[in-house]
2 protein chains.
Amino acid sequence: MKKYTMSPMTLIALALLVALSACGGSESNQPSEQGVQQAPQKVYKWKMVTTWPKNFPGLGMAAENFATLAERMSGGRLQVKVYGAGQLVPALETFDAVSQGTAEMGHSASYYWKGKTRTSALFTTVPFGLNAQEMNGWLHYGGGMALWKELYEPFNLVPLAAGNTGVQMAGWFNREINTLADLEGLKMRIPGIGGEVVSRVGVEAVNIPGGELYTSMQTGVIDATEWVGPYNDLAFGFHQVAKYYYYPGWHEPGPTLELIVNKQAFESLPDDLQAIIEGAARAINQDMLDDYTARNNAALDELVNTHGVELRQLPDDVLIELNRITQEVLEEIAAEDAGFKKVYESQKAFREQAIKYHKISEQAYYRARELKASD
Amino acid sequence: MKKYTMSPMTLIALALLVALSACGGSESNQPSEQGVQQAPQKVYKWKMVTTWPKNFPGLGMAAENFATLAERMSGGRLQVKVYGAGQLVPALETFDAVSQGTAEMGHSASYYWKGKTRTSALFTTVPFGLNAQEMNGWLHYGGGMALWKELYEPFNLVPLAAGNTGVQMAGWFNREINTLADLEGLKMRIPGIGGEVVSRVGVEAVNIPGGELYTSMQTGVIDATEWVGPYNDLAFGFHQVAKYYYYPGWHEPGPTLELIVNKQAFESLPDDLQAIIEGAARAINQDMLDDYTARNNAALDELVNTHGVELRQLPDDVLIELNRITQEVLEEIAAEDAGFKKVYESQKAFREQAIKYHKISEQAYYRARELKASD
């Protein structure tokens with residue numbers, strides 16, 4: 001030791017320098033900002049419960065993709081372990097589990113919680129309402145997100161839009177639907193406001209988690225079901241238990257999936273990790289729709305051409321009547337429930353604008369693209 | 001100093017402990033992961049050049065929103081200063097400036113660079129091609145992004161999708177368009193493949209940055225222009241220099257904006273900041289479309305009802321012929337250019353699938369929503 005002539009204080013100073021440069025990054029060529037030096041380095045290990053089977057195409061993968069992106073963006077400081085339905089809590093206990101802090105996050109659909117508040121249905125999808133593009137416009141630039149946060153605040157939850165399936169299919173039936181009367185007496189899985197609408201024409205509407213639908217159809221617990229669209233429905237094998245596949249999904253034109261975060265857990269995070277959760281949710285909100293958009297057609301081809309499913313269009317008369325009943329149901333709930341009315345009015349005003357503009361843009365374009373010379 | 005009985009080595013150890021806990025975060029209640037301790041803390045101060053006026057609604061704000069989100073998600077470690085067109089380099093030098101490293105990033109539209117490679121046009125939009133939802137499906141789950149990265153690699157650029165306007169308007173004219181012959185002799189601002197298509201019916205097609213369009217129309221440098229849609233076109237005041245506003249935007253059904261990153265700059269970033277750039281780009285890719293979706297209709301109302309603009313629909317015959325010429329142009333370029341052909345074939349296959357599926361989903365839904373009882 002004798003050859004070292006540095007004083008103890010010099011040694012301390014050197015040790016400090018080495019320690020600080022190790023944690024500060026040797027690449028730094030600029031003075032660090034205050035906010036950077038103070039960034040907390042705590043590692044958050046969170047649980048996410050979901051209403052989907054683990055790794056289920058589209059829905060379940062969105063939860064996984066969120067976790068992967070958030071972990072990468074946070075340099076490993078936010079690690080989210082995703083649980084499939086039933087692995088930690090049953091599918092339809094996701095809301096309560098996150099509300100109570102059993103898990104910090106959940107991935108699900110708000111309309112499953114209409115037993116908590118009927119208003120929740122408006123943040124997933126409304127029959128004859130907004131499609132995916134319009135829902136995203138309303139949520140992020142039409143006041144929707146603020147209303148959703150307000151609704152979930154008493155439940156101790158922070159909601160984020162985190163996925164969209166696009167227009168769904170009307171569902172699987174073993175009976176042809178030629179008139180409204182053909183719906184009468186069916187026991188059908190159809191959640192949200194769509195369920196309330198069909199119950200007015202004699203359907204017994206129930207909600208059952210996705211993972212239990214195949215067995216429920218097979219054993220006759222239900223006679224008909226809607227789920228999502230070809231990409232997901234093929235994965236569940238519904239073509240083995242139903243003959244007719246109806247479109248379009250009048251009841252779910254652009255369902256938004258939700259990421260719910262326990263409020264205390266969210267608020268315990270530093271600002272950068274809060275931003276990462278918000279940013280990753282926005283990213284998967286689009287990413288899930290991209291996935292469906294790319295894969296639905298091939299799945300439909302397989303259902304129709306390999307499995308012999310009969311693809312049918314709901315008759316116009318049936319759609320017109322379901323639309324009429326939908327508006328009646330919405331107005332009735334709004335008249336009974338001031339909280340529902342507030343959100344409904346906001347969404348209704350946005351819908352009127354969107355319908356007008358899309359008539360000369362998206363809708364006019366779909367028409368223009370397929371025009372053919374008549375001669 | 002005498003009352004301190006600690007040895008120099010104890011002092012050093014204590015100093016190290018204090019230093020490391022200060023940088024490691026005092027909240028840590030778990031062993032830090034290796035990746036976390038090693039996260040570099042360098043602050044990156046980057047420049048982003050754009051082809052839009054600073055803070056321009058939609059397009060320009062997407063660039064700002066990207067910078068804000070990336071800075072928050074990185075805890076201030078990635079700071080991007082956004083320059084409007086002409087502030088650092090002229091609008092149409094964005095590509096070269098980022099390629100050469102004058103700026104680390106750019107926000108623009110790939111079809112402006114068809115002078116560098118004609119294939120670039122396919123990553124913005126193609127006449128009668130994919131709409132916003134379909135472009136995102138193709139880019140992120142249909143192989144599009146891999147092809148785009150391959151195309152930009154020799155230019156030293158990493159591309160990311162970073163915004164979409166939705167279906168655009170066909171544009172502003174002072175002449176009624178009743179037949180194809182009415183287009184003849186027009187000098188019109190219309191970039192990308194749309195420009196090549198109209199040049200076959202006698203239009204002199206030019207590209208001019210958005211910020212110069214009003215003056216170009218006013219002084220007669222051009223007779224007609226397309227730009228984006230009501231939200232942006234109102235901001236530029238085109239209603240003061242043109243009478244007719246045509247829809248639908250057959251030539252730009254779902255233009256993707258690009259975020260380009262200098263390759264060396266991107267590769268110099270630690271993985272978490274690369275992920276933050278990718279995540280923030282995905283977030284604004286959707287966010288911009290949400291903004292347009294929410295605001296276009298009110299802007300159109302103002303154009304028509306306050307400013308007396310005449311809203312017109314392009315005749316079916318004109319659209320059919322433009323579609324025919326488009327397919328001819330695309331096939332011709334593909335026959336001449338193997339690089340173009342590779343991307344074109346991928347997009348064309350995706351388009352066929354998307355058209356088929358959207359006929360029973362999005363398109364069928366738009367129709368179902370507006371069905372009315374005939375009696």
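**Chat about a predicted two-chain model**

User: Phe128(B), buried or exposed?
Analyst: Phe128(B) counts as buried because it has 24 C-beta neighbours inside 10 Å. The cut-offs are 20 or more other C-beta atoms within 10 Å for buried, 12 or fewer for exposed and partly exposed in between, with C-beta atoms placed from the backbone.

User: Where is Phe128(B)?
Analyst: In the loop between β3 (105-108) and α5 (132-141) of chain B. Helices (H or I, at least four residues) and strands (E, at least two) are DSSP runs numbered from the N terminus. Phe128(B) also has a positive phi, near 55°. Most residues other than glycine have a negative phi.

User: What's the numbering, and what kind of model is it?
Analyst: Residues count from 1 along each chain as its sequence is written, with chains lettered from A and ligands numbered from 1 in the order in which they are written. It's a predicted model, where local features need pLDDT of at least 70 and side-chain atom pairs count only at pLDDT 80 or more, while totals for chains, interfaces and linings use all residues.

User: What's the pLDDT of chain A?
Analyst: The average is 91, and 89% of the residues score at least 70; pLDDT is the predictor's confidence in each residue, from 0 to 100. Over residues 1-35 of chain A, pLDDT stays under 50. Where pLDDT is low, the predicted coordinates should not be read in detail.

User: And the ipTM of the complex, what is it?
Analyst: The predictor gives 0.89, and the pTM is 0.89.

User: Back to chain B. What does Thr326(B) contact?
Analyst: Beyond its neighbours within four places in sequence, Thr326(B) is in contact with Pro127(B), Phe128(B) and Val197(B); contact means C-beta atoms, placed from the backbone, within 7 Å. Thr326(B) lies in helix α12 (residues 316-336) of chain B and is buried, with 22 other C-beta atoms within 10 Å.

User: Which other residue in chain B has a positive phi?
Analyst: Asn55(B), at about 60°, is one of them. Asn55(B) is in the loop between β1 (44-50) and α3 (59-73) of chain B. With 12 C-beta neighbours inside 10 Å, Asn55(B) counts as exposed.

User: Which residues does the cis peptide bond in chain A join?
Analyst: Tyr247(A) and Pro248(A), with omega about -10°. In chain B, a cis peptide bond joins Tyr247(B) and Pro248(B), also with omega about -10°.

User: And where is Pro248(A)?
Analyst: Pro248(A) is in the loop between β9 (244-247) and β10 (256-262) of chain A.

Key: Contact = placed C-beta atoms within 7 Å.
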